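Hi,

Here is the structure I promised to send over.

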Protein chains: 2
Amino acid sequence: MIFEIINTGNELMLGLVLNTHEQWLCRQFADRGYIVSRQVAVPDTAPDIEQSVREALSRADLIIVTGGLGPTSDDLTRDAIARLLGKSLKEDAAVRAHIEKFFTDRKRRAPESTRVQALVPEGALVLSNPNGTAPGLAMEVRPNPFRSGQAASWLVMLPGPPRELKPMFADFVMPLVERSFPLADRFVCRTLRTSGIGESVLQEKIERLMKPFLDAGGELGYCARPGQVDLRLTRRGVDAEKLVGEAEAVLRRLLRAHIFGTNDETLESVVVRLLTERKKTLALAESCTGGCIAHRLTNVPGASVVLRGGWVTYANEMKQKEVGVSEAALAEHGAVSEVVARQMAEGARRAGESDYAIAVTGIAGPGGGTPEKPVGTVFIALASPKKTEVFKMFNPWDRPTFKDVTTGQALNQLRLRLLAD
Amino acid sequence: MIFEIINTGNELMLGLVLNTHEQWLCRQFADRGYIVSRQVAVPDTAPDIEQSVREALSRADLIIVTGGLGPTSDDLTRDAIARLLGKSLKEDAAVRAHIEKFFTDRKRRAPESTRVQALVPEGALVLSNPNGTAPGLAMEVRPNPFRSGQAASWLVMLPGPPRELKPMFADFVMPLVERSFPLADRFVCRTLRTSGIGESVLQEKIERLMKPFLDAGGELGYCARPGQVDLRLTRRGVDAEKLVGEAEAVLRRLLRAHIFGTNDETLESVVVRLLTERKKTLALAESCTGGCIAHRLTNVPGASVVLRGGWVTYANEMKQKEVGVSEAALAEHGAVSEVVARQMAEGARRAGESDYAIAVTGIAGPGGGTPEKPVGTVFIALASPKKTEVFKMFNPWDRPTFKDVTTGQALNQLRLRLLAD
C-alpha cells in the first residue's frame with residue numbers, strides 16, 4: 001500500500017510556518033501500521049497542485065492533500081483537482097446550510113466569498129467540519145487515468161487549520177482508510193519513553209535480549225532527543241499483541257525505572273499523575289530554568305491540584321528573601337553551588353508548604369561561565385519528606401536546549417523519588 | 001530559477017520528529033529572494049533517495065538533500081547519489097584527518113564505522129563540518145543526464161543534525177548559491193511584527209494606502225498566528241530598498257505601536273531590550289500562565305539583568321502569602337478577578353523590588369469554568385511606577401494556546417507601557 005501526503009501553501013515555501021501536518025499525519029498512519037512513503041510541499045498555485053496530485057496519482061493508493069479549501073483567492077485545491085480529474089463542481093445544499101449556520105451562530109452574515117466552500121466535485125464524499133466552514137472531500141478516483149492499469153486511488157482533501165484537520169482525520173479519514181485498506185495482519189505499535197540513559201548505553205544494554213524479538217520479525221526503533229530516548233516496538237501478525245507484550249516485559253526488566261511512560265506520556269504528565277495518586281504536593285524554586293519547569297508542569301490539565309506554586313529566583317536577593325538562601329552560602333559558594341541549590345529546595349518546600357520541592361541553579365549561557373563553572377553547569381536539588389538530594393549536571397547546550405534538558409532531568413529525579421518513597 | 005529540497009529519513013515518515021529543516025531552509029532562501037518550489041520527504045532507502053533525486057534533477061537548478069550522511073547502516077545518501085550519477089567514491093585525506101581529530105579531541109578513538117564519512121564522490125566539493133564528523137558535499141551535475149538539454153544542476157548534501165546543518169548552510173551554501181545564481185535584480189525583504197490587532201482589521205486599516213506599493217510590483221504577505229500578525233514586505237529592482245523603506249514608513253504611520261519589531265524579533269526580546277535600555281526591572285506573579293511568561297522572558301540572553309524574578313502562585317495561599325493578596329478580595333471576588341489581579345501585580349512589584357510587575361489570573365481550562373467566568377477568562381494586571389492597569393481578556397483556546405496568547409498579551413501591555421512612560 002502506497003500512501004502519500006501533499007501539503008499546499010505558499011507560507012510553507014516561504015518558511016513562514018512550520019509544517020506540523022507532516023509529522024502529525026505520518027504519526028497517525030504509522031501508529032496504525034500504515035507507512036507514508038512520500039510527503040511533498042508545493043506552493044498554492046493551480047499548476048503546482050495539479051502536477052503534484054497527478055504524480056501522486058500515478059503511484060499511490062491513498063493521497064492526502066492539505067490546505068487550499070478556504071474562501072480566498074489563493075485557495076485553489078478544490079478547483080485544481082476537479083479540473084485535473086474532469087469533474088464538475090456542484091453546490092451542496094447541506095454544506096451551504098452548515099456554512100450559513102456557522103456564521104449565524106456567531107451573529108455574522110456569511111460573506112459571499114464563503115459560497116465557494118459549498119462546491120463539491122461530482123462523486124466526492126463530503127467530510128463535515130464542525131470546527132470551521134470548509135468541508136473535507138474524499139473521492140475514489142476509479143478508473144485512475146494516471147496510473148498503470150488505471151488502478152483506483154483514494155484522494156482526500158483536508159482543510160489546513162489543525163483544529164479543523166485533526167478531528168476530521170480522526171472521525172472520517174482513519175475509518176475510511178481502515179475500511180478501504182484493511183491490513184493483511186494484525187499490527188501492534190508501542191512506544192516506551194526513557195529518561196536518564198544515553199542512546200548508545202541503552203542499545204548495548206538491550207541488544208542481546210531483544211535479538212529474539214527482532215529475529216522473529218519484530219521491529220525496534222530508537223528516537224533520541226536531548227535527555228530522552230524513545231523505543232518504538234512494532235510487530236505484525238496474529239501474535240503481534242503477545243510478542244510486543246513480551247518484548248516490552250524484557251525492556252521493562254532491563255531498563256526498570258529508566259522507562260517513564262508509554263506512547264504520548266511526558267515526564268510532566270507522569271509527575272503530575274504520580275503526585276495526584278499519592279496526594280502529594282510540589283513547590284519549585286527555579287533560577288536558570290527561569291520558569292520552564294513550572295511552565296511544563298502547568299501544561300498538564302489538573303496540575304493545579306498538586307502544584308502549590310513556585311519562585312523564579314533570578315536575583316540573588318530573591319533567593320535570600322523568598323526561599324531562605326543564606327548570605328553566607330552565596331558569599332562562600334556562589335549562587336551556582338550545591339549548598340545554594342539545597343537551601344533553595346528546602347526553603348521552597350518550607351515556604352510552599354509542600355511535600356516535595358525542586359530547585360535548580362546553574363549557568364544557562366551564553367555568558368556567565370568561568371573555568372571552574374563553565375556554561376552548562378547546573379545543580380538540581382530535590383527536597384522530600386525524608387531528605388534532600390542534590391545532583392550536579394553538565395548540560396553545555398544552547399540556552400533553550402539547556403533549559404529543556406535541565407527541566408527534564410529535574411522532573412525525572414522527582415519521578416524516581418516518588419517511585420522510591 | 002528552480003530550487004528544491006529533499007529531506008530523507010524514516011523518522012520523518014514515521015512522524016517521530018518534526019521536519020524543522022523544511023521551514024528553516026525555505027526561510028533562508030525566501031529572505032534572500034529565492035523561492036523553493038518543492039520540498040519532498042522520503043524514507044532513507046536507496047531506491048527512494050535515488051528516485052527523488054532523479055526527479056528533482058529533471059526539474060531543478062539547485063537541489064538540497066538533507067540527512068543520511070552519518071556512519072550507520074541507514075545513512076545511504078552519499079552512496080545512492082554517487083551511484084545515480086555514476087561517480088566513484090574516494091577517501092578524502094583532509095576529511096579523514098578531521099574525523100580522527102574530532103574524536104581525539106574528545107579523548108575517544110574514531111570508530112571504524114566513521115571512515116565512510118570521509119568518502120567523497122569524484123568532483124564534489126567538501127563542505128567542512130566543525131560541529132560534527134560528516135562533511136557536506138556540493139557537486140555541479142554537468143551535463144545533467146536527467147534534464148532536458150542536459151542543463152546543469154547543483155546538488156548539495158547536508159548532514160541532518162540542525163547544529164551541523166545550519167552553520168554549514170550559512171557559511172558555504174548561501175555564498176555558493178549567491179555566486180552561482182545571482183539575482184537579476186536587487187531583492188529586499190522586511191518582516192514587520194504586530195501584536196494586539198486582528199488580521200482582518202489590520203488589512204482594512206492598511207489596504208488603501210498600500211495599494212501604490214503593490215501596484216508598483218511590491219508584495220505584501222500576511223502571516224497570522226494566535227495573538228500576532230506578521231507583515232512581510234518584498235520588492236525586487238534597483239529601487240527595492242527605497243520602496244520597501246517607504247512602504248514600511250506608511251505601515252509604521254498607520255499601525256504605530258501595534259508594530260513591535262522587525263524580522264526575527266519577539267515580544268520577549270523587545271521587552272528585555274526596552275527594560276535594559278531604560279535600566280528598569282520587572283517582577284512577575286503568574287497564576288494561569290503557570291510560568292510561561294517567565295519561561296519566554298528567560299529564553300532571551302541577558303534577561304537576568306532586568307528580570308528580578310517571579311512567583312507562580314497557583315495555590316490561593318501562595319497568592320496571599322507571597323504577593324499579598326487579601327483574604328477579603330479572594331472571598332468577595334474570587335481568584336480570577338480584577339481586584340486580585342491588581343493586588344498580585346502590586347504585591348509582586350513590592351516584594352520583587354522592581355519597577356514594573358505583571359500579574360495574570362484566569363481560567364486556562366479545560367476544567368474550572370463557570371457561566372460568569374467561562375474557560376478563557378483572564379485578567380492581566382500591570383503595575384508600574386505611576387499606576388496599575390488591569391486588562392480583562394477572553395482567550396477561549398486549548399490550554400497551551402491559552403497560555404501562549406495570554407503571555408503575548410501581557411508582554412505586549414508591558415511593552416506599550418514602557419514606550420509610554
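Let me start with A:Gln150, which counts as partly exposed because its relative accessibility is 42% (buried means under 20% relative accessible area, exposed over 50%, and partly exposed in between, with a 1.4 Å probe and protein chains only). A:Gln150 is not a glycine, yet has a positive phi of about 55°. You'll find A:Gln150 in the loop between E7 and E8 of chain A (helices, H or I with at least four residues, and strands, E with at least two, are DSSP runs numbered from the N terminus).

Before you go further: this is a predicted model, where local features need pLDDT of at least 70 and side-chain atom pairs count only at pLDDT 80 or more, while totals for chains, interfaces and linings use all residues. Residues are numbered from 1 along each chain as its sequence is written, chains are lettered from A and ligands numbered from 1 in the order in which they are written, and side-chain values use heavy atoms, leaving out hydrogens and water.

Back to that loop. A:Pro143 also lies between strand E7 (136-141) and strand E8 (153-158) of chain A, and a cis peptide bond with omega of about -5° joins A:Arg142 to A:Pro143. In chain B, the bond from B:Arg142 to B:Pro143 is cis too, with omega near -5°.

Next, B:Lys403, in helix H14 (residues 399-420) of chain B. B:Lys403 is buried but has no salt bridge, and the nearest side chain of opposite charge, B:Glu286, is 7.5 Å away. (A salt bridge is a side-chain nitrogen of Lys or Arg within 4 Å of a carboxyl oxygen of Asp or Glu; for charge, Lys and Arg count as positive and Asp and Glu as negative, with His and the chain ends not counted.) Leaving aside neighbours within four places in sequence, B:Lys403 is in contact with residues including A:His295, A:Asn299 and B:Cys292 (contact means heavy atoms within 4.5 Å).

Finally, strand E9 (residues 187-195) of chain B: nine of its nine residues are buried. Its pairing with strand E11 (residues 228-236) of chain B is antiparallel, over nine bridges (two strands pair if DSSP finds at least two bridges between them). B:Leu192 sits opposite B:Leu231 in E11(B). E9(B) also runs antiparallel to strand E12 (residues 259-262) of chain B, with three bridges joining them, and there B:Arg193 has B:Gly261 as its bridge partner.

Cheers
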